[in-house]
Amino acid sequence: MTVEQEEFIVFDTETTGLYPHLGDAVIEIAALKINKNGEELAEFEEFLYTGIPSHPETIKIHGLTDEFIAKHGKPLQEVMPAFVEFVGDTTLVGHNIRDFDMKFVNRHLRQIGMAPLENTLIDTVDLSRQKMPHLGSHRLGNLANEFEID
C-alpha cells in the first residue's frame, strides 16, 4: 500500500459453504468504497441466486435462507460484471479475502467467461498475523474483542 493511494474497496461475501472448488457459491457481495480518510464514497450490495442451496451451518452464520436468496437474488451474469465495474482497479480490503472471498469471486468470474480480478489486496488477517502474533486466533471476532469493538 502506498500513501498516495486515494481510494479503497472494503468488501465481504456470504456463501453457501466454505469450498468454491466443491461447488459452493456466493450469495451476497457487499462492498464500500472509501477514501484514505475512511469517508464513504459509494456502496455496492447484491444478493446472488445460483440455485445452490446453503449448508445449514452457514445459514446459522449469515441468516440468509435459500428462500430469501431465491426471491431476492440475481444471476451471476448480472451481479459479477456490476461488481467488477464497481471495484475497477481499486485496492481491495477485507478479512481473509485472499484465501476465501477472492477464490469465490474469481471462480464465478471464470464461470461467466470473465477474467479473474487481479487487484492489489490488503488482507486484514495477514496484517493481524504480522502485527499481533501473540493472538491465538486472528478471527474477526477475536480482533474485535482485542480492540474492544462491539
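Contact here means heavy atoms within 4.5 Å. This is a predicted model, where local features need pLDDT of at least 70, side-chain atom pairs count only at pLDDT 80 or more, and totals for chains, interfaces and linings use all residues. Residues are numbered from 1 along each chain as its sequence is written, and side-chain values use heavy atoms, with hydrogens and water left out.

**View A. Phe 11 and its neighbours.** Leaving aside residues up to four places away in sequence, Phe 11 touches Ala 30, Ala 31, Phe 83, Leu 92, Val 93, Gly 94, Ile 97, Asp 101, Met 102 and Val 105.

View B. A nonpolar core is a set of buried Ala, Val, Leu, Ile, Met, Phe, Trp, Tyr and Cys residues joined through side-chain atoms within 4.5 Å; buried means under 20% relative accessible area, exposed over 50%, partly exposed in between (1.4 Å probe, protein chains only). Helices (H or I, at least four residues) and strands (E, at least two) are DSSP runs, numbered from the N terminus.

**View C. Helix H4 up close.** H4 has a kink of about 30° centred on Lys 103, the bend being the angle between axes fitted to the seven residues ending at a residue and the seven starting there. Its buried residues pack against S1, S2, H3, strand S4 (91–94) and strand S5 (121–123). After H4 comes Gly 113, with a positive phi near 80°.

**View D. Tyr 19.** Tyr 19 sits in the loop between S1 and S2. Tyr 19 counts as partly exposed because its relative accessibility is 43%.
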